[in-house]
Amino acid sequence: MRFELSGEQAQIREMVRSLARKEFAPKAAEIDEHSRYPEENLSRLAELGLLGMLVPAAYGGSETGAVAYSIALEEVARGCASTGVGMAVTNMVGDTIYRFGSEEQRRRFLADMASGAGSGAFALTEPSAGSDAFGISTVAVPDGDAYVLNGSKTFITNGSRARVAIVAAVTQKEPKKQISAFLVEHGTRGYSCGRPERKLGLKGSDTVSLAFEDCRVPKRNRLGEEGEGFRIVMTALDGGRVGIAAQAIGIARAAVESAISYARERKQFGQPLSEFQAIQWMLADSATELDAAGLLALRAAYRKDTGGSFTREASVAKVFASEAAYRSCHRAVQVFGGYGYMREYPVERHLRDIKVTSIYEGTSEIQRVIIARDLVRQGYR
Ligand SMILES: Cc1cc2nc3c(=O)[nH]c(=O)nc-3n(C[C@H](O)[C@H](O)[C@H](O)COP(=O)(O)OP(=O)(O)OC[C@H]3O[C@@H](n4cnc5c(N)ncnc54)[C@H](O)[C@@H]3O)c2cc1C
């Protein structure tokens with residue numbers, strides 16, 4: 001076993017770390033304060049090939065693989081969490097179109113997404129179907145050379161910005177429910193977006209509802225076979241969860257770094273906070289848990305790169321990383337005391353930003369369901 005990054009992976013980490021430190025982190029508080037979409041950050045990521053990392057060069061991607069992608073996403077999220085989630089969804093959508101799309105679909109969408117000409121969105125959740133994703137009720141009815149979509153989606157990241165959204169819809173109700181996936185392009189008649197959601201954190205990310213009213217989507221825009229959509233979206237989420245783990249680790253590392261600096265400087269009882277064992281243990285516990293989370297995320301990414309099944313590994317990484325990261329951000333605020341509760345310092349933002357990582361792309365409870373189901377089916381391999 002070789003326990004080190006390849007030369008290219010290490011180079012990507014250094015490049016993205018430097019970019020995020022110099023360009024993203026200094027603006028993250030302002031982006032949060034004004035709930036501003038970080039357009040310029042996403043453009044920089046596109047310039048550097050970081051929006052098509054899972055897509056082959058033949059389709060305009062940078063083809064760096066899932067390990068490099070996880071490392072890069074962690075660094076981006078460390079600088080600006082909202083930028084991280086925008087990057088994560090576009091990469092996930094690109095990966096999914098590459099895996100399941102026709103040659104014509106790959107050529108039509110992937111290069112634009114990688115170059116930043118149009119981001120991607122992933123539209124599964126509905127007002128009445130979140131964790132129970134198979135319970136969606138958006139329908140797609142064939143009509144001539146198109147499907148007619150009716151229904152709505154909720155909490156969709158990149159929803160109002162995306163050039164193309166992967167939309168899951170029911171194509172058969174009886175005798176057996178079937179779901180198909182569609183590539184719905186921005187500007188299609190009958191396709192509209194709601195107002196930006198007002199959120200606890202990730203305030204710079206674009207989160208909207210989508211509505212489909214007699215929206216005609218050409219048959220050539222169906223992704224995969226009819227009835228294959230549920231498998232496609234679940235496969236997409238496996239990859240997405242590795243990204244969410246990386247994102248959570250990045251946000252929490254930023255919080256721990258701030259806590260270390262503050263503990264060195266702030267004095268109480270005539271000595272720096274860093275001299276108190278209670279504070280030291282908080283820092284040590286956070287670093288220990290985040291290191292473990294990092295290894296789990298890399299294991300899942302490595303399995304994805306090497307073609308193994310990684311559903312359970314992705315869920316293990318996501319549930320552990322998002323929860324460890326939450327604890328780390330919580331401790332970081334505690335290290336700051338009252339100042340940690342104030343907007344002048346970044347740790348309250350990190351605590352707000354981190355919460356959603358244990359909710360989206362499947363809650364922690366759903367990750368545990370997936371892990372347990374796999375254990376019962378396959379044993380503890
Ligand atoms: C900021 C943000 C961005 C998002 N972006 C996207 C996106 O781009 N695309 C998209 O499709 N969705 C997106 N989502 C939606 C997200 O994936 C869902 O919110 C999530 O899957 C949970 O669904 P829900 O909100 O309906 O909660 P519910 O499913 O109603 O769950 C409520 C609670 O019940 C628990 N629960 C539910 N079922 C079970 C069970 N079987 N066992 C134990 N506990 C259970 C849950 O864990 C949770 O604690 C986003 C959400 C947010 C907040």
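# Close-up views of a predicted chain

View 1. Apart from neighbours within four places in sequence, Ala317 makes contact with Ala245, Leu296, Ala297, Ala300 and Ser322. The model shown in this and the following views is predicted. Ala317 belongs to helix H8, which covers residues 311–336, and the relative accessible area of Ala317 is 0%, so Ala317 is classed as buried. For a sense of distance across the chain, the C-alpha atom of Ala317 lies 26 Å from that of Val167, a residue 150 places away in sequence.

**View 2. Gln367 and its contact with the backbone of Gly362.** Gln367 sits in helix H10, which runs over residues 364–378, and, with a relative accessible area of 0%, Gln367 is buried. The side chain of Gln367 comes to 2.9 Å from the backbone oxygen of Gly362. Once neighbours within four places in sequence are set aside, the residues in contact with Gln367 are Arg241, Ser315, Lys318, Val319, Glu361 and Gly362.

**View 3. Asp374, also in helix H10.** The position of Asp374 is likewise in helix H10, where a relative accessibility of 11% places Asp374 under the 20% limit, and Asp374 therefore counts as buried. With neighbours up to four places away in sequence left out, Asp374 is in contact with Arg312, Gly379 and Arg381.

View 4. Beyond the neighbours within four places in sequence, Ser119 is in contact with Thr90, Met113, Asn158, Arg161, Ala162, Arg163 and Val164. The C-alpha atoms of Ser119 and Ala81 are 17 Å apart, although the two residues are separated by 38 positions along the chain.

View 5. Most residues other than glycine have a negative phi, whereas Asn158, which is not a glycine, has a positive phi of about 65 degrees. The relative accessible area of Asn158 is 1%, and on that value Asn158 is buried.

**View 6. Leu202 in the loop between strands S6 and S7.** A positive phi, in this case about 45 degrees, is also found at Leu202, again a residue that is not a glycine. Leu202 occupies the loop between strand S6 (191–193) and strand S7 (207–218), and with 4% relative accessibility Leu202 counts as buried.

**View 7. The cis peptide bond between Glu174 and Pro175.** Most peptide bonds are trans, but the bond that joins Glu174 and Pro175 is cis, with omega about -10 degrees. Pro175 is placed in the loop between strand S4, residues 162–172, and strand S5, residues 178–185.

View 8. Leaving out residues up to four places away in sequence, Arg13 touches Leu5, Ile71 and Glu75. Between the C-alpha atoms of Arg13 and Glu197, which are 184 residues apart along the chain, the separation is 32 Å.

**View 9. The protein chain as a whole, for context.** The protein chain contains 10 helices and 10 strands. Along the principal axes, the C-alpha atoms fill a box of roughly 80 × 50 × 40 Å. Of the 381 residues, 53% are buried, and, among contacts between residues at least 6 apart in sequence, 73% join residues at least 24 apart. The protein chain exposes about 17200 Å², of which carbon and sulfur atoms supply 52%. The side chains include 49 positive and 46 negative ones, and the centres of these two sets are 2 Å apart.

Notes: Residues numbered from 1 in each chain as written. Predicted model: local features only at pLDDT ≥ 70, side-chain atom pairs only at ≥ 80, totals over all residues. Heavy atoms only, no water. Helix = DSSP H or I, 4+ residues; strand = E, 2+ residues; numbered from the N terminus. Buried < 20%, exposed > 50% of the residue type's maximum accessible area, 1.4 Å probe, protein only. Polar contact = N/O pair within 3.5 Å; in protein donor to acceptor, adjacent residues only side chain to side chain. Contact = heavy atoms within 4.5 Å. Areas by Shrake-Rupley, 256 points an atom, 1.4 Å probe, with all protein chains shown as cover. Lys, Arg positive; Asp, Glu negative; His and termini not counted. Charge placed at Lys NZ, Arg CZ, Asp CG, Glu CD.
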